[in-house]
Amino acid sequence: MSRLASSPTIASVPAAVPGWAIPRTPGVDTAEAAFLAGAALNSLDHLVRAEHPWAGAWRQRLALTCAAAACRLAGRSEDEAALRDAWHLRKPDDDPGPAGNTLGAWRQLAARAPTLDVDRLAKVVEWLGLRWDEEFAEIPKALDALPHAGPAAPFEVVAMMRMLAETAPAAELLAWWLGDLVLARKLQWPRPVPLLMAQVFGPAFRAGGGRAKRIRPGDDAFAQALCLALAQGASDACRLASEISRQAERLQAVIPKLRAKGAGDAISRLLDDDAVPGTLVTKNLSRFATRRLFERLEAFEAVRELSGRPTFRLYGL
């Protein structure tokens, strides 16, 4: 019925970041921060390369968290629930609005290979509500020039983000978006994992005795802060993967009980995305059949209703 039903790896436990690699205090030097980042990224690397059948949903949920942080950085008030609504409840050709476009930028990051040309970059700049700068045209060339040898991945990310901070200080959102893409390029991942934007207001970027000022890409302490953020972000991503894996196991367990023709269409969408509208219509599923299917899956505790509403409902792992 679906790739979930046939996957032999669905019950495997995703890699976890060891407790000693999770930052406990921002008061460490750059070398120790880099060590923690390397250990945490090693665990995340194993998870990424396992290619679990629910990896699409995992990446898109991380993208949602990053987009909510990006809205906050841009001075907007939309939270994750509002972003879900803006994206999933619109008609296919409707503009999701500024907040929805911000989510679209991180959704695209999570879904596509870590390659970049000027056309793709121009679209991301538009989605993030930024003004195009001719200096941006050099970014794809700089990405293509990233050596396989050279600085470790976190420091390549630092270099790219600092370069953008110097040439376009107002484009900080783009710098965070690019950071995850550079990381994926350096680690040779098939698709980026949205990590960094979610950490921008975290303790890693407020190091130094409870300082109130946030550490930004152009600041001296940024390399150390980014390494700590990567360690924390990798840990958070692995923890989320464990939660989604357990939910996917429950979904797999109820598949034999499903009688709806076309249930595999909905299951595939659940595995690939953060949320699926309760009004989903496919070649094999009517809106009524979808509603009955999701109600049955919710009764089995195989999916969660994410909106908290009685109508215009959204479901996910």
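Predicted model: local features only at pLDDT ≥ 70, side-chain atom pairs only at ≥ 80, totals over all residues.
Biologist: How many residues does helix 5 have, and what span does helix 5 reach?

Modeller: Helix 5, residues 97-111, has 15 residues. From its first C-alpha to its last it reaches 20 Å, close to the 21 Å expected at 1.5 Å a residue.

Biologist: How many residues of helix 5 are buried?

Modeller: Of its 15 residues, 13 are buried, so helix 5 is largely enclosed by the rest of the structure.

Biologist: Which residues of helix 5 and helix 9 meet?

Modeller: Ala105, Trp106, Gln108 and Leu109 in helix 5 meet Leu173, Trp176, Trp177, Asp180 and Leu181 in helix 9. By class, this contact has 7 nonpolar, 1 polar and 1 charged residues.

Biologist: At what angle do helix 5 and helix 6 pack?

Modeller: Helix 5 packs with helix 6 (residues 118-127) at an angle of about 145°, and their axes are 8 Å apart. On the helix 5 side, the contact is made by Pro98, Asn101, Thr102, Gly104, Ala105, Gln108 and Leu109; these meet Arg120, Val124 and Trp127 in helix 6. The classes here are 5 nonpolar, 4 polar and 1 charged.

Biologist: Is histidine 88 buried or exposed?

Modeller: The cut-off for buried is under 20% relative accessible area. At 13% relative accessibility, histidine 88 therefore counts as buried. Histidine 88 lies in helix 4 (residues 80-88). Leaving out residues up to four places away in sequence, histidine 88 touches Arg107, Asp273, Asp274, Ala275, Pro277 and Leu314.

Biologist: Where is leucine 196 found, and what is leucine 196 in contact with?

Modeller: Leucine 196 is found in the loop between helix 9 and helix 10. Leucine 196 has 0% relative accessibility and so counts as buried. Beyond its neighbours within four places in sequence, its contacts are Val157, Trp176, Gly179, Asp180, Leu226, Ala229 and Leu230. Leucine 183 is 13 residues from leucine 196 in sequence, and 10.0 Å separates the two in space, C-alpha to C-alpha.

Biologist: What span does helix 10 reach, and how many of its residues are buried?

Modeller: Helix 10 (residues 222-254) has 33 residues and reaches 47 Å, close to the 48 Å expected. Since 24 of these 33 residues are buried, helix 10 is largely enclosed by the rest of the structure.

Key:
Residues numbered from 1 in each chain as written. Heavy atoms only, no water. Helix = DSSP H or I, 4+ residues; strand = E, 2+ residues; numbered from the N terminus. Expected span 1.5 Å × (residues − 1). Buried < 20%, exposed > 50% of the residue type's maximum accessible area, 1.4 Å probe, protein only. Contact = heavy atoms within 4.5 Å. Nonpolar A, V, L, I, M, F, W, Y, C, P; charged D, E, K, R; others polar. Axes fitted to C-alpha atoms, helices over the stretch in contact; angles between N-to-C directions.
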